Amino acid sequence: MSRRIWDAVVIGGGPAGLAAGMYLARVGFKTALLEKNQWGGQAFLIDQIENYPGFPDGISGRALMNRFYRQAGRQGLVFFKEEVSGISKESGRRFLLETEHLDLACRALVLATGANFKELGIAGESQFLGKGVYYGAFEKAARFRGEDVAVVGAGDAAVHQAVHLGRFAKRVYVLCRGAGLSAAAHLKKRIGGLPNVKILYGTRAIAAEGNGALKRVRIQSEGDHPNSLNVSGLFILIGKKPDETLIGRISPQEGVFTAGDIHSGRCRQVAIASGDGMRAAMLCAEYLSGIRSHRVSPN
């Protein structure tokens with residue numbers, strides 16, 4: 001397997017990675033993008049994005065990310081469906097990337113590996129993962145047509161998920177630990193108008209149970225609610241944590257840049273991620289052109 005040498009490699013194909021790769025390819029650098037899952041990352045799965053500038057009627061995540069992908073390809077970005085298992089640096093300035101099928105080396109890296117949904121940490125959570133327990137799986141909603149499901153969380157993502165599930169499920173329970181939702185006002189208004197969505201305040205999930213697949217969720221509640229809910233789906237959206245796996249394998253050094261949701265903080269929006277991808281790409285381009293050096297930081 002012969003080694004392919006690139007000016008820059010972008011790891012992660014979400015909004016940040018696609019924007020970064022598009023910019024670098026457009027300004028003339030030989031750039032590859034590696035993504036292990038679908039192009040567009042988690043944004044691809046969002047049912048409707050209503051706050052991305054330029055789309056007054058909103059646009060689905062699938063449609064928007066397909067536009068990102070096509071535009072980046074037209075600028076010369078080369079795509080590979082590969083997972084990076086390791087990064088090292090040979091003598092000199094080249095980074096070496098370990099993948100199953102490719103042997104790659106590059107002068108600069110852009111890490112846009114995003115953020116993962118936080119686990120709830122209850123009994124049965126890992127046992128029924130993919131068998132009724134999900135994290136932010138918008139694409140799974142139609143599977144629960146006519147069934148009862150539960151959503152854990154109180155923020156924008158949880159309420160958005162509950163609203164989307166309300167289009168299909170017979171009943172949607174929202175398990176909110178506090179006394180109120182922390183989601184944006186327009187999402188609170190939307191969920192309040194859905195007759196098949198019930199918000200259980202002061203309530204937390206304590207166990208997922210079933211036989212081969214999820215059948216019920218045990219809850220602990222401050223209100224007058226039963227101690228369990230018979231549901232076939234449990235969607236956990238209690239926040240995200242940056243995916244810093246690759247950062248942990250490479251010490252801070254020149255030529256490594258980070259972009260998008262890999263940064264900590266609450267400002268995780270598609271528009272912000274894509275803009276941050278452009279920022280990282282511009283710094284990377286300056287580095288490749290010899291204008292300045294840069295050291296990686298997860299923050």
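Which residue in S6 does Glu 98 stand opposite? Asp 103 holds that place.

The model is predicted: local features need pLDDT of at least 70, side-chain atom pairs count only at pLDDT 80 or more, and totals for chains, interfaces and linings use all residues. Residues are numbered from 1 along each chain as its sequence is written, and side-chain values use heavy atoms, with hydrogens and water left out.

Start with the whole chain. It holds 5 helices and 17 strands. Both are DSSP runs numbered from the N terminus: helices are H or I with at least four residues, strands are E with at least two. The C-alpha trace spans about 65 × 40 × 30 Å along its principal axes.

Buried residues make up 49% of the 299. Buried means under 20% relative accessible area, exposed over 50%, and partly exposed in between (1.4 Å probe, protein chains only). Contacts are heavy atoms within 4.5 Å. Of the contacts with a separation of 6 or more, 62% link residues 24 or more positions apart.

Now return to the opening pair. Strand S5 (residues 95–98) and strand S6 (residues 103–111) run antiparallel, joined by 4 bridges. They form a hairpin with 4 residues between them. Strand pairing here requires at least two DSSP bridges between the two strands. S5 also has strand S4 (residues 86–89) as an antiparallel partner, again with 4 bridges. There, Ser 88 has Leu 96 in S5 as its bridge partner. In a regular strand, side chains alternate between the two faces of the sheet.

A parallel arrangement comes next. Five strands form an open sheet in the order S8-S15-S9-S10-S11. Strand S8 (133–134) and strand S11 (197–201) stand at the edges, each with a single partner strand, so one side of each is left without a neighbour in the sheet. S8 pairs with strand S15 (residues 233–236) over 2 bridges, in the parallel sense.

Finish at helix H5 (residues 270–288), which contains Ser 274. Ser 274 is buried because its relative accessible area is 8%. Leaving aside residues up to four places away in sequence, Ser 274 touches Pro 15, Ala 16, Ala 19, Tyr 52 and Phe 68.
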